[in-house]
Amino acid sequence: RAINWCTTHAAEHNIVAISMSLGTNDVFTGDCDGLDLSLTTYLNTAVENNIAVVISSGNNGNSSYISYPACLSNAIPVSATDKYDNLWSGSNYNPLVKLFAPGTLITSTCMGGGYCINEGTSMSAPMVAAAAAMLQQTSQLLTGQPRSLPPKGEGGIEDILFDYGDQITGLDFNQWRRLNVGNAVLSLIPP
């Protein structure tokens with residue numbers, strides 16, 4: 001229902017990205033679109049309206065599978081690096097994941113109030129959602145059209161963030177990259 005609300009109210013509130021730092025203990029090596037057809041439909045509708053749906057991949061430290069719902073084919077799943085651009089040891093990732101973002105030593109809000117230091121892919125996903133919003137804002141300034149970039153597919157947000165991302169120590173540069181917002185935003189601006 002939250003994804004549907006965001007899609008329905010996107011124009012009114014200028015919603016361009018949804019960040020979901022959650023996941024089940026059920027994990028998948030491939031896409032999981034058939035698991036919950038209503039969630040899949042709502043997510044697909046958001047993406048069709050150029051709203052990026054960014055979801056944390058899970059924290060089981062596995063390189064073969066990711067959590068549900070990050071495994072939905074139109075989601076942008078995100079894994080975590082440490083502050084040295086190394087793979088964070090607790091991060092789930094597999095070929096469905098293209099993007100990593102810092103996920104250790106992150107200041108976040110705490111249950112019961114205040115702030116604390118956290119780690120995990122739940123810290124990484126909001127960074128990618130914010131980067132998606134920055135790309136949409138830059139594109140809107142250049143084109144005059146809101147939500148002009150598709151989240152997925154060629155020339156979409158996920159591809160732009162991947163194409164202009166940085167090397168992750170120990171991982172294949174052709175398959176996985178760490179978020180570099182500055183390079184991605186600059187890539188949209190004509191010389």
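## A buried arginine

Let's start with Arg178, which is buried, having a relative accessible area of 15%. The structure you are looking at is a predicted model. Burial here means a relative accessible area under 20%, so the 15% of Arg178 falls on the buried side.

Which side chains meet Arg178 in a salt bridge? One of them is Asp85, with an N to O distance of 2.6 Å. Asp85 sits in the loop between S5 and S6, while Arg178 belongs to strand S9, so this pair ties together parts that are 93 residues apart in sequence. Asp166 also meets Arg178 in a salt bridge, at 3.1 Å from N to O. Here Asp166 comes from the loop between H5 and S9 and Arg178 from strand S9, so the parts tied together are 12 residues apart in sequence. Because these salt bridges share partners, Asp85, Asp166 and Arg178 are joined into one network.

Asp166 counts as partly exposed, at 22% relative accessibility. Asp85 has a positive phi of about 65 degrees, although it is not a glycine.

## Another link across the chain

How many salt bridges does a search of the whole structure find? The count is four. Side chains of opposite charge can pair when their charged atoms come close. Besides the pairs above, Asp159 and Lys98 meet through their side chains in a salt bridge, with 2.5 Å from N to O. This pair links distant parts of the chain, 61 residues apart: Asp159 is in helix H5 (residues 157-163), and Lys98 is in the loop between S5 and S6. Is Asp159 buried or exposed? With a relative accessible area of 17%, Asp159 is buried.

Now move along to Asn180, in the loop between strand S9 (177-178) and helix H6 (181-188). Asn180 is buried, with a relative accessible area of 17%. The Asn180 side chain reaches two backbone nitrogens: that of Gly182 at 3.4 Å, and that of Asn183 at 3.0 Å.

Setting aside neighbours within four places in sequence, Asn180 is in contact with Tyr164, Gly165 and Asp166.

The buried residues of H3 are Leu39, Thr40, Leu43, Asn44, Ala46 and Val47. They cover an arc of only 155 degrees around the axis, which puts them on the same side of H3.

What covers these buried residues? The cover includes helix H1 (2-8) and S3. On the face turned away from the buried side, H3 carries the exposed residues Leu37 and Glu48.

## Backbone details in the loops

Just after H3, Asn50 takes a positive phi of about 60 degrees. Asn50 lies in the loop between helix H3 (37-48) and strand S3 (52-56), and is buried, with a relative accessible area of 17%.

Pro69 lies in the loop between strand S4 (66-67) and strand S5 (76-81).

Definitions and conventions:
Residues are numbered from 1 along each chain as its sequence is written. This is a predicted model: local features need pLDDT of at least 70, side-chain atom pairs count only at pLDDT 80 or more; totals for chains, interfaces and linings use all residues. Side-chain values use heavy atoms; hydrogens and water are left out. Helices (H or I, at least four residues) and strands (E, at least two) are DSSP runs, numbered from the N terminus. Buried means under 20% relative accessible area, exposed over 50%, partly exposed in between (1.4 Å probe, protein chains only). A polar contact is a pair of N or O atoms within 3.5 Å; within protein, one must be able to donate a hydrogen and the other to accept it, and residues adjacent in sequence count only if both atoms are side-chain atoms. Contact means heavy atoms within 4.5 Å. The arc is that of the directions from the helix axis to the C-beta atoms.
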